[in-house]
Amino acid sequence: MMSTITRYNMTGKKWRLAPFYIGIALLSTLFIYPLIYTLLTSFKTNGEIFSNYFGLPESWRFENYAHAWVKGKIGAYFMNSVFICTVYVALVLLFSSMASFVLARLRGKWLTAVFYFFVAGMMIPVHAILIPLAQTSVSLGLSDQYSFLIGIYIASGVPYMIFIMYGFMKGLPRELEEAVIIDGGGLWTIYRNILLPLSRPVLATMGILGFLSTWNDLILALLFIKKSAMWTLSLGLLNFSGFYTTDYVGLCSAIVLVNIPTIIVYISLQEYVEKGLTAGAVKG
């Protein structure tokens, strides 16, 4: 009798959850469809795109990727994007982690005010000050300078990274620092040997988010990088669009190539993303 009731309750629970699973499936389809469409389109011809919108390609043309690689100069632009993203992620994580360490672990009269000063930067999106930035780059001759572009990325990324790292580091036990101080260690020892290893999840999370935002950026790179030899991958996609025609197949093939590194980075470090964001949000 009890097993029958239990089975009935489990069946009823499954039916009650059915709308939830259906909704999740529909949302997943909605979000993944553009990627599937782009992938299928990359194997078609330009004429086939308009005659066969949603079907499979008549033949799988892998040469489209070779054409996109050459026409879009993906190889050269790939190295430019890798350089910018690598330097940016390394510097922004260094600056943000050091600032968060001081703000979260040290005691000072003005540290709380300094923290809120940094957090206030989150309320000013970088796109709201593009005109002053453009005027500054022209007056100081900083156009076509990776250092200026990376500096803008860092200035826009530091506030939200400090906000997340501060919450994570604030929740770490102080007994660890006290043990290091008793052994004769200083602030640098605490930061390098204690805080950084324990903050690996939040560092990985911030690194992934910073990498993705910089890798996919178009507006800032378009505004401050004029020389085609210095373009990033996002700017390289413009090679497939002209005044009167657009190479849709080449564009879709290039989009797939551009997104492969971001997918690899995210999949390899995805276990840290939710862990780091959750820890930084609830601690402190």
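Student: Over residues 77-103, what percentage of the chain is helix and what percentage is strand, and how many Å apart are the end C-alpha atoms?

Tutor: This is a predicted model. Residues 77-103 are 100% helix and 0% strand, with 38 Å between the end C-alpha atoms. In UniProt, an unreviewed entry lists this span as a "transmembrane region", and the others listed include 20-40, 110-134 and 146-168. For residues 146-168, the make-up is again 100% helix and 0% strand, and the end C-alpha atoms are 31 Å apart.

The unreviewed UniProt entry also carries the annotation "domain: ABC transmembrane type-1" for residues 78-268. That stretch is 73% helix and 0% strand, and its end C-alpha atoms are 20 Å apart.

Next, helix H3, which covers residues 63-71. Its buried residues are Asn64, Tyr65 and Ala68. An α-helix has 3.6 residues a turn, so residues three or four places apart point the same way. Just after H3, lysine 73 has a positive phi of about 50°.

Further along are H8 (residues 175-182) and H9 (residues 187-198), whose axes come within 10 Å and cross at roughly 150°. Angles over 145 degrees count as roughly antiparallel, and H8 and H9 are therefore roughly antiparallel to each other. The crossing of H8 past H9 is right-handed. H8 makes the contact through Leu176, Glu177, Val180 and Ile181, and H9 through Thr189, Ile190, Ile194, Leu195 and Leu198.

How values were computed:
Residues are numbered from 1 along each chain as its sequence is written. This is a predicted model: local features need pLDDT of at least 70, side-chain atom pairs count only at pLDDT 80 or more; totals for chains, interfaces and linings use all residues. Side-chain values use heavy atoms; hydrogens and water are left out. Buried means under 20% relative accessible area, exposed over 50%, partly exposed in between (1.4 Å probe, protein chains only). Helices (H or I, at least four residues) and strands (E, at least two) are DSSP runs, numbered from the N terminus. UniProt positions are given in the numbering used here, feature names are shortened, and annotations may be inferred rather than shown by experiment. Axes are lines fitted to C-alpha atoms, for helices over the stretch in contact, and angles run from 0 to 180 degrees between N-to-C directions. Angles under 35 degrees count as roughly parallel, over 145 as roughly antiparallel, 65 to 115 as roughly perpendicular and the rest as oblique. A crossing is left-handed if the near helix is turned anticlockwise from the far one by less than a right angle, and right-handed if clockwise. Contact means heavy atoms within 4.5 Å.
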